[in-house]
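Please look through the sequence and the model below before reading on. The report then goes from a single residue to the whole chain.

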Amino acid sequence: MHLFGIYYKSLRAIVPLLAFAVFSVDSHAAGRGEFELRVVDDDTNQPVAVRMHLQDHKGRNRRPQDAVRFADHFCFYHKILFELPTGPYAFTIERGPEYYVQTGSFEIQQGATDQQIIRMKRFVDMKGEGWWSGDLHVMR
């Protein structure tokens, strides 16, 4: 019984180190890269705030630390820099009910510093047509 207790304590000390080593090797081997995404209004070319869903190739949601995050998405104004492991990513970008939803994808290459501009296209200008928002029910 005493021998088993020593073995168990040794195993408890080594397992976290092994897990850290495997994770570190996996992250290092996969490599990382940067991708900057900018979002502008298509008509005015002005920066806009958007809500974004980002998924990696395994379908896992990715949310940057420096963005406003909630559940499976995040929000940002105009531009955001992603520092991600290499691989393909798919995204969906929304800007309320007056704009078309934009979808797309990009791939992070090792050491890359790529960028992309998304142009949000408006299909109706409710304020221009005399409509005013009156929704005061905000759950967040």
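Asp 114 counts as partly exposed, because its relative accessibility is 39%; buried means under 20% relative accessible area, exposed over 50%, and partly exposed in between (1.4 Å probe, protein chains only). Asp 114 is part of strand β8. Helices (H or I, at least four residues) and strands (E, at least two) are DSSP runs, numbered from the N terminus.

Neighbours within four places in sequence aside, Asp 114 is in contact (heavy atoms within 4.5 Å) with Glu 34, Phe 35, Glu 36 and Glu 107. Asp 114 and Glu 34 are 80 residues apart in sequence, yet their C-alpha atoms are 6.5 Å apart in space.

## Basis and confidence

This is a predicted model, in which local features need pLDDT of at least 70 and side-chain atom pairs count only at pLDDT 80 or more, while totals for chains, interfaces and linings use all residues. Residues are numbered from 1 along each chain as its sequence is written, and side-chain values use heavy atoms, with hydrogens and water left out.

The average pLDDT (the predictor's confidence in each residue, from 0 to 100) is 79, and 77% of the residues score at least 70. Residues 14-29 have a pLDDT below 50, and this stretch has zero contacts in the model beyond near neighbours in sequence. Where pLDDT is low, the predicted coordinates should not be read in detail.

## Strands and sheet

Five strands form an open sheet in the order β3-β4-β2-β6-β7, with antiparallel pairing; two strands pair if DSSP finds at least two bridges between them. At the edges stand β3 (68-70) and β7, each with a single partner strand, so one side of each has no neighbour in the sheet.

Within the sheet, β2 and β6 run antiparallel and are joined by six bridges. Gln 55 stands opposite Ala 90 in β6.

## The nonpolar core

A nonpolar core is a set of buried Ala, Val, Leu, Ile, Met, Phe, Trp, Tyr and Cys residues joined through side-chain atoms within 4.5 Å. The largest one here has 21 residues, and those with the most contacts inside it include Leu 37, Met 52 and Phe 82. Among the elements that give two or more residues to this core are β1 (32-41), β2 (49-56) and β8 (113-120).

Leaving out residues up to four places away in sequence, Leu 37 touches residues including Met 52, Phe 76, Ile 93 and Ile 118. Of the 140 residues in the protein, 26% are buried.
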